[in-house]
Amino acid sequence: MNRAPPAANDGGHLQNDIIDAAALWSEAVFALTLFAVDPGIGLRLAARAGPVRQEWLRRLRAMLPEGEPFRKMPTGVAEAALLGGLDLAASLETGQPVLEKGLIASADGGVLCAAMAERMGEQAAGLLALALDRGMVTIERDGISRQAPARIGVLALDEGMEPDEAPPAALCERLGLWLSLEGADPRGSDDLGLDADEIAAARRLLAVVRPDEAAIATICQAAMAFGIVSLRVPSLALRAAAASAALAGRDRLSESDLETAIRLVLLPRAVTMPPMPDEPDEEPESNEAPDTAPDEEDGGQMPEDPPPPEPEASDEHDTADLEPTEDTAVETTDAALPADLLKALAAMARPPMNRAGAGRKGAFAARARRGRAVGTRPGDPRRERLDLIATLRAAAPWQPIRRKERAERTPDLLQRVLEIRSSDIRIRRHRGKSETATIFAVDASGSAALARLAEAKGAVERILAECYVRRDRVALVAFRGTKADVLLTETKSLTRAKRSLAALPAGGGTPLATGILAALDLARASAREGRTPLITLLTDGRANIALSGAAGRPQAIADARDAAKAVRASGIAALVIDLAQRPSEQAREIAAALGATYLALPRADSKAVSDAVAAAPRGPAVAPAGRR
Amino acid sequence: MTLTLSFWRDSVFSRPSKLGSLTAMRIAFPFAAIVGQDQMKLALSIAAVDPSIGGVLVFGDRGTGKSTAVRALAAVLPQMAGADCPYHCDPARPDEACEICRSRQKGKRAQKAVALPVPVVDLPLGATEDRIVGSLDLERALSAGEKRFEPGLLAKAHRGFLYIDEINLLEDHLVDLLLDVAASGENVVEREGLSLRHPARFVLIGSGNPEEGELRPQLLDRFGLSVEVKTPTDLKTRITVVKRRDAFERDPAGFTATYAAENAAVRDAILAARNRLGGVAVPDETLEKAAQLSIRLGTDGLRGELTLMRAARALAALQGDGAVLWPHLASLAPLALSHRLRRDPLDEAGSATRVERAVGELEAA
């Protein structure tokens, strides 16, 4: 089962596996054919590097007409290389400004293939997005002002494995086809590979394919039923439908074209699943539906229930929360979808591709980039790293002038090869060196909640406001009963923080150890991204649920102490805010084990709390415990 | 290398005529064809009527047509008279003229004014500082060793609009620089023997998606109006949006032509409003109401009040009203004030709701 493709429920049967693998492969080839017919639709390919992907890419290359550019875009490609700029060597040599063509412009009329797109920076994604929107690139750099055509099709190779690894949202949104190669196997499939000539014929037909109003309405309805907010997506789906029609030699869209578009464009980004017609026996994918449906419901009606600790909560999902009207709109439109289309959908329902990635990549992808070089600017190289190339580039145009000036001033001296002045110096900017992330672990158990949770919320909100001003990141873990819930993965968005805080539930036991470890996980992830995490633990220290989930105070306290020591050992700074009515010994012990600053809430008016967060030591925890 | 050189030679030394053909390659979606998004269109129209309101910030979901609206704006802006200089100075305002125009004035040479489209300049992500403020003329510097200033994007945007998409992704030092120039109306260049200043008055338009990171609060309040755009959730509207988009992409020229009359109507309305603007009265009563509103909301400083008044006056002019009255204020208060409130995480309701609430209370009082 574990090796079975997601669509195969009866994965125990080897034969079915093979059939499914072949079917998945055909589907993948079909998607790639659509992309070859109209690269402008864009394709996001979720697959690990390997023979299957290699074979897929080989097919694609074979289908694209000869002479069309196919450019690879490596990860971490510099802005200058993407856009183009001054060709330093050539300019100096010829004494003429020579432009180096950027990657985007050089892919004009063809395909730009982004390798490891899940690691792409938001800047690069923004540039690609702009080129996709406008069909050209505008270059305003190195003294050059220029526009170049860039009608490109973007193929994003997404190797994201972790839920939070996904290409930047701005890019994903503009890529129509989302395809996963998971479980696909080219062996034993009689695929429908076309050659370049057939593709060229389909392209000619594509120019005259016209979607009618009914087709547009169906696509829009389906997009709404899936909870897809963006209006770009239905447009992309229409393009996919048109490409499918052109492939079949039709100049009008048929139902099967719409199905194709829905399956390959809309379904993988579905946020909600429309209720399927009542035919449970015929529904082959019944196992799949509950996987996706319930967490949407939780997301939809926030306040009472804690949202599940789903790291796969998606952006679209969040947006839907913002707008209660969206949910009702979705419900009312379900009925408008033709029933047979729904049935067809039910048959092809697969879990949305890479669900996690489908979503909140925005915040996450942005995060993954912090701490890296993000650009250059004039500045003092003693404080930041010198960017040699940019410096030379800035100096290049001045060389003739300076040489002339020097020759006039001091004619006897030998000419220098390069005249560099301080105004040329460029430094590399690293974003987020000082960026901090405050991870709140809030004890929402009965003992803490009844007394002080409202105050704790107040304190957290206060700190949130401060963090917002300092542009810190915040994350929120609440623990109660037997588990800890990540209510908010690290974000800079106040909107999201506010929402999840409002939903903070209370009551139940105190699984302190679990809470601390959940916070530690977040803190470690944050540190890996190059930020400085700070754990702010709000608790009364009365642990009574052990790590195993069993009730029992002694074991619970021992576990909590161990968890606290683990935090200390990781060198992550912490702050304990005691929620107990009177300063409690337990909370102070935990603070000591954490090596944390201790603050009792009775004294911790909100200002003291936020001051403490601001002043808390970052990096290895060295603060003495027991500060009063 | 020779190949590269010949290919790019035109481009490096591109003159407006050559750029023109490339720009035409990409026709903008017609302003009048944008479905819904009334607040965004209103804010942009107001900025077109009275550029002194100080910029428009558009924040919202992806795929809501933020940049479409801004790029569509150029086509509905009435032409302007400009001098024949890199900054297309206003012949009617000799006091604000650039150095070139001044020297011509001194020389008593007749100032030639030409009708020009109002510039709507896109500041692309990845633009470098030297191209924004202007820098050494590369061609002259490299080939002739001559030091000459080549105006940058700020010069291009003078008397027009400067648009930054994804403003929350723009590097902080560039945002600071832009806001600084926008506030002072002048661009100062100081670099190794290049020392000059030129007028740079423009309406800054920024757009972005708050989920990707919010704008620093200090920056928010530098914008005159802010609009929050949402994706339409009504199926009919959505179908219309997708339909028009599809029709436009198939035949940009033909689609744009069908909206020519409506676009012209928008342009005429803006022009008429500009002519009326000076004659719109602002009664003391209205001023008092605006002050009360600001106090009630606790907005800092007078900037909010001032913007609200100016925007309301432009709205009155657009609607053909002779005086600014409470309804004008009430409808614009969320746009002019909501981004100036201190963010209050305790308040679940958004800032716009708080402004609307205050407006309602004041109305009842």
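Mentor: The discussion below covers cysteines, a nonpolar core and a cavity. The model is predicted, with local features needing pLDDT of at least 70, side-chain atom pairs counting only at pLDDT 80 or more, and totals for chains, interfaces and linings using all residues. Residues are numbered from 1 along each chain as its sequence is written, chains are lettered from A and ligands numbered from 1 in the order in which they are written, and side-chain values use heavy atoms, without hydrogens and water.

Trainee: What makes Cys89(B) buried?

Mentor: Buried means under 20% relative accessible area, using a 1.4 Å probe and protein chains only. Cys89(B) has 2% relative accessibility, so it counts as buried; Cys98(B), at 1%, does too.

Trainee: Which residues touch the most other members of the largest nonpolar core?

Mentor: A nonpolar core joins buried Ala, Val, Leu, Ile, Met, Phe, Trp, Tyr and Cys residues through side-chain atoms within 4.5 Å. The largest has 66 residues, and those touching the most other members include Leu45(A), Trp56(A) and Leu155(A).

Trainee: What is the lining of the second largest cavity made of?

Mentor: Asp, Glu, Lys and Arg count as charged; Ala, Val, Leu, Ile, Met, Phe, Trp, Tyr, Cys and Pro as nonpolar; the others as polar. By that division, the lining has no nonpolar, 6 polar and 7 charged residues.

Technical notes: Buried means under 20% relative accessible area, exposed over 50%, partly exposed in between (1.4 Å probe, protein chains only).
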